[in-house]
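Here are my notes on the two-chain model, point by point.

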Amino acid sequence: MKPASTQPCPEWQAPSPADAGDPGCSPASLAAIDASCRKPILLLFGAGVVWLMIGTVLALLASWKLHEPALLTDHAWLTFGRIRPAHTHAVVYGFAFQAAMGVTLWLVSRLGRTPLWHPGIATCGALFWNLGMVIGTAALLGGESTGIEWLEFPRYVSPILFASYALMGIAGMPALGSRPQRRWFVSQWYLLAAVFWFPWLYSTANILLLFEPVRGAAQATVNWWYGSNLLALWFTPVGLGALYYFVPKRIGQPVHSHALAVIGFGSLALWGGWGGMQHLVGGPIPAWLVTVSIAAGLMLMTSVAANAVNLHQTMAGHFHRLRQDLALRFMVFGGMSFALAGLCGMLMALRSISEITHFTHLTIAHAHHGLYAFFSMVMFGSIYSIAPRLTGCPWPSPRLISLHFWTAAVGLLLYLGVLIPGGIAQGLAMNSPDIPFLEVVRGTIPYLRLRTAAGFVLAASHTVFFVHLAWMTASRVRDRDRPLHDATAHAIPISGGSAP
Amino acid sequence: MKGRRLFFAGILIAFAGSWFGLVYAPQIQLGRLEAVEIAETGEFHPPALPGSARRGREVYRAHGCFYCHSQQVRPPGFGADSARNWGPRRTVARDYLRDQPVLLGTMRTGPDLANAGLRQTNAAWHLLHLYSPALASPGSIMPPFRFLFETRKAGAGRSAGALDLPAELAPPAGCEVIPKPAARDLVDYLLNLKAAAPLPEAR
């Protein structure tokens, strides 16, 4: 492990054979890996950001409608109950999932030192995924929602998505299976587990809810088993896998502790899958199910704490890097949000707290805490790190990256800072039967207005990101002849990796 | 290689545990529930919905009503559901046997509807509320569902079912506002939302 250079890391400025110091890895093989990843992953990122923009417009509309209910009510497809699932699916399956898939494929092939197998297959998979997204979104706006949260796309869409996932997975399979080095990196544990868990999760939920639906209240248990595990066993491990690669990589340090990494991963694998039933607290299901999920939430704090301490200790002494390293800012923000969202999730599961917070806007705040403040911020940082290697172009403007970061950070802090207390106030009022229900509704309106304001700040940050990515792509198209890895570009003065 | 096998065995077993615990075990416990005959009334609970209410449930689902309205009553001592008159008892698994899909909901931006058909039995009120929530329920932030209604030329005399609207919402002279079939079905569904039959497990 060479000591980190004191120079700032200009990875966002120029792509280069950064891993020259990695064992068993020549710049040429890295170039071959990046070349194989180029089309499918740029497609996943590009389409993902387009879905992010679509999801943002839908989110602003839905948020505005909550305090201005008379807005755009003449058409069924514009009603709140259709805009909302279109928003969640655009950001969850359109943006977050595609970003996750792109980052996973890139990391898996890089860490496995194996190019993607027939990248055309993965490109096809990505195209079909987007086809499924378009059909599904049109169906939602047309009123064909299944009525099952997190799985609203009608059942003719899920086989398309499942097949697309399989196509993308096939391309990454050789990289999953091979690793010349003896040991797997921490990132690989998380990513391998995630790509293995997701298809099981998705197919089980689709079969038991849409194709051969189980009867009655048991549907709700399958529904929340899926909703919770999609976060805990797909998005969380992908986000942690990216953090365990990029944080050590960008500061040129090894991961702080192998033992903590093992504890963090093991406890997520053990307890991560047992959450979800707390979403049904007080509902018509056996109470033991809820108790199991609450207990699992408490046990899961082992994983949150181990990972938070491990990542923090890896960063310790290197926080000054955040001044120059813009991608790292997103990573560190995401890592801190992971710890906080984990803690909030555990607290919200406790019966004494969920008695108040269940059924309130706090649920929405928490979804954004986990999926946006943690996961999406890590994905932004990852895309800032990966895209220059795939396009062969530096990001045109570091200032735009900084602007994206600050608008996203301010927007998120406002969003959570408004909606968390707003949800608690709503819950307390709702549990006081002396307050008429319409008074409770009236009390939420100031918070909902401020939430829309936060939404506009976040929309600005997404626009900056979208424009920047388009600008980078355009400059690459203008400059086609440049080799993917420009030997004259700066050699990046970092070495080492996420090897324990 | 041995480490890898152990790794895959580990993540497989971990996931299988969650699958058996939270997906399969609830099926064992809830899968064999059947409708029961209520001794007091001689009726079965949950009752089969009439066709119009079943179509209404599709309207409810298609327009995402469940994003703002839950359909579950929490037990006494946990929240203020019964004090808010949302139901005479908690809801239990048997109440949902005939629901496809089960629309429990996770938000109460609007009130719970598990017993909407007990609280408000007036179909005309429901229709007016769908057309203009702010009129029927001042302060409501529910969106109006005017696309479920049509404004058409009135014949001689008022048609049955035309909405009785105040001046500021009234259609142009000679016209009337009539609910489309979807609006009538939806109201039939709401009127059929009742989870009050005295079940032994809900006591």
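This is a predicted model: local features need pLDDT of at least 70, side-chain atom pairs count only at pLDDT 80 or more; totals for chains, interfaces and linings use all residues.

1. Chain A first: it has 13 helices and zero strands, and from the N terminus on the elements read α-α-α-α-α-α-α-α-α-α-α-α-α.

2. Residues are numbered from 1 along each chain as its sequence is written, chains are lettered from A and ligands numbered from 1 in the order in which they are written, and side-chain values use heavy atoms, with hydrogens and water left out.

3. Of the 500 residues in chain A, 63% count as buried; the cut-offs are under 20% relative accessible area for buried, over 50% for exposed, and partly exposed in between (1.4 Å probe, protein chains only). Chain A exposes about 16900 Å², with carbon and sulfur atoms supplying 71% of that; accessible areas come from the Shrake-Rupley method with a 1.4 Å probe, and for residues only the protein chains shown count as cover. Among chain A contacts (heavy atoms within 4.5 Å) with a separation of 6 or more, 85% are between residues 24 or more positions apart.

4. Now the interface. On the chain A side 92 residues are in contact with 70 residues of chain B. The buried area is about 6500 Å², and carbon and sulfur atoms give 65% of it; that area is the accessible area (1.4 Å probe) the two parts lose on being put together, summed over both. In chain A, Arg215(A), Pro284(A) and Phe359(A) lose the most area to chain B, together 12% of what that side buries.

5. How many salt bridges are there between chain A and chain B? The count is one, on the rule that a side-chain nitrogen of Lys or Arg sits within 4 Å of a carboxyl oxygen of Asp or Glu. The partners are Arg215(A) and Glu34(B), with the closest N and O atoms 3.7 Å apart.

6. Helix 5 (residues 186-211) of chain A gives the most to the side that touches chain B, with ten residues. That side of chain A divides into 51 nonpolar, 29 polar and twelve charged residues. The classes are Ala, Val, Leu, Ile, Met, Phe, Trp, Tyr, Cys and Pro as nonpolar, Asp, Glu, Lys and Arg as charged, and the others, Gly among them, as polar.

7. Val92(B) deserves a click. Val92(B) sits in the loop between helix 2 and helix 3 of chain B and counts as buried because its relative accessibility is 7%. Not counting residues up to four places away in sequence, Val92(B) touches Pro284(A), Leu199(B), Glu201(B) and Ala202(B).

8. Back inside chain A, Arg250(A) and Asp325(A) meet in a salt bridge (2.8 Å, N to O). Arg250(A) lies in helix 6 (residues 218-251) and Asp325(A) in the loop between helix 8 (287-315) and helix 9 (326-349), so the pair ties together parts 75 residues apart in sequence. Arg250(A) is buried, at 0% relative accessibility, and Asp325(A) is buried at 0% too.

9. Asn130(A), in helix 3 (residues 119-141) of chain A, is buried at 13% relative accessibility. A polar atom of the Asn130(A) side chain lies 2.8 Å from the backbone oxygen of Ala126(A). Leaving aside neighbours within four places in sequence, Asn130(A) is in contact with Ala47(A), Trp51(A) and Gln98(A).

10. In chain B, Arg152(B) forms a salt bridge with Glu176(B), the closest N and O atoms being 3.9 Å apart. This pair links strand 3 to strand 4, 24 residues apart.

Note on methods: Helices (H or I, at least four residues) and strands (E, at least two) are DSSP runs, numbered from the N terminus. A polar contact is a pair of N or O atoms within 3.5 Å; within protein, one must be able to donate a hydrogen and the other to accept it, and residues adjacent in sequence count only if both atoms are side-chain atoms.
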